Amino acid sequence: MLFGTIFSERQHIAVPSWLQIKLLVYAMTAVSRLSVNVNAVAVLRNRRDLPWPSVTDLAAIALEAGAKGITVHPRPDERHIRKTDVHDLSELIGDRFPNKELCLEGYPSADFLDLVDQARPDQVLFVPDDPNQSTSDHGWQFDQDTSLLEHAIAKAKDWAVTVSLFCDPDPSAPDHAVRLGAERIEIYTGPYGACFDDPARAEKELAKVVATAEAARAAGLGVNAGHDLTVANIPALIVSAPFIREMSIGHGFTADALIHGFAGSVVRFRRALGEI
Ligand SMILES: CC(=O)[C@@H](O)[C@H](O)COP(=O)(O)O
Ligand SMILES: NCC(=O)COP(=O)(O)O
């Protein structure tokens, strides 16, 4: 059979069998690509002046269950992740999970760069979010943001932190990221994730993400993807771009974990990624 169907709970996308075989080979040799974003755990905790649910305890469960790392996106108003969470997570990973990774996401303000300096995560994702934005919804406009990014990237490099830049699904973006000296990009997958009830549109959005991923790989960048990824929409993406190194997943992961538990959802997402 030339084509198989990548099944998901809500989406079905036909992909050639050779791509599925390629994914299997990658899966057998790769470590996990799943970085669990725990922003939503902090949202829940912050409803009360109480320390539960604990961001670090749930992060530990995810790491123990096989996630590659933890991602957080502290926002200037600390509406979910607080600076103290970042320090606690950095300590957790340093003390108990030295082979796992912490990724910090944020707009490269002086305040955020100070936090990166203090926490020294494995990776930083610079995102062009303004402080009032409810969530991330676009990548960098590279022609406008050059000097801000040059400054931030130079700092992160001094601290030996891997730099990733948040990019729209646009194949021209990776060249800008290379020119600025970034090591990776994270492709914004929100438009793809928003097509959960429209398979035809999902295929079109997926094609843009994959074209961008391929351009990034050709330019020598590591390729990450994130935003609104789910157990349902990951399989078609990973089978089309099996070289993706990391997917950071928060909202969809937490929704899934409310039903299946944090450890159970790590297994479900790793299965969607073809890793187990
Ligand atoms: C960079 C990105 O894609 C975002 O998804 C972000 O990490 C989520 O932020 P919120 O949890 O504040 O919506
Ligand atoms: N970088 C994307 C991320 O960390 C999580 O995004 P989402 O799954 O909460 O949309």
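**Close-up views of a predicted model**

**Figure 1. Elements that contribute to the shell around ligand 2.** In this predicted model, strand β10 (246-249) and helix α11 (251-260) each supply at least two residues of the shell around ligand 2. In total, 13 residues surround ligand 2. The closest are Asn 37, Gly 226, Ser 248, Gly 250 and His 251. Sorted by class, the shell around ligand 2 has eight polar, three charged and two nonpolar residues.

**Figure 2. Residues around ligand 1.** Around ligand 1 are Asn 37, Asn 39, His 73, Arg 75, Glu 105 and Val 127, together with Thr 135, Ser 136, Phe 166, Gly 226, His 227 and Gly 250. By class, the shell around ligand 1 divides into eight polar, two nonpolar and two charged residues.

**Figure 3. Crossing of helices α3 and α12.** Helix α3 covers residues 55-64 and helix α12 covers residues 262-272. Their axes come within 8 Å and cross at roughly 40°. The crossing of α3 and α12 is right-handed.

**Figure 4. Residues in the contact of α3 with α12.** On the α3 side, the residues are Leu 58, Ile 61 and Ala 62. In α12 they meet Phe 262, Ala 263 and Val 266. By class, this contact of α3 with α12 has six nonpolar residues, with no polar and no charged ones.

Definitions and conventions: Residues are numbered from 1 along each chain as its sequence is written. Chains are lettered from A and ligands numbered from 1 in the order in which they are written. This is a predicted model: local features need pLDDT of at least 70, side-chain atom pairs count only at pLDDT 80 or more; totals for chains, interfaces and linings use all residues. Axes are lines fitted to C-alpha atoms, for helices over the stretch in contact, and angles run from 0 to 180 degrees between N-to-C directions. Helices (H or I, at least four residues) and strands (E, at least two) are DSSP runs, numbered from the N terminus. A crossing is left-handed if the near helix is turned anticlockwise from the far one by less than a right angle, and right-handed if clockwise. Two residues are in contact if their C-beta atoms, placed from the backbone, lie within 7 Å. Ala, Val, Leu, Ile, Met, Phe, Trp, Tyr, Cys and Pro count as nonpolar, Asp, Glu, Lys and Arg as charged, and the others, Gly among them, as polar. A residue is near a molecule or strand if its C-beta atom, placed from the backbone, lies within 6 Å of it.
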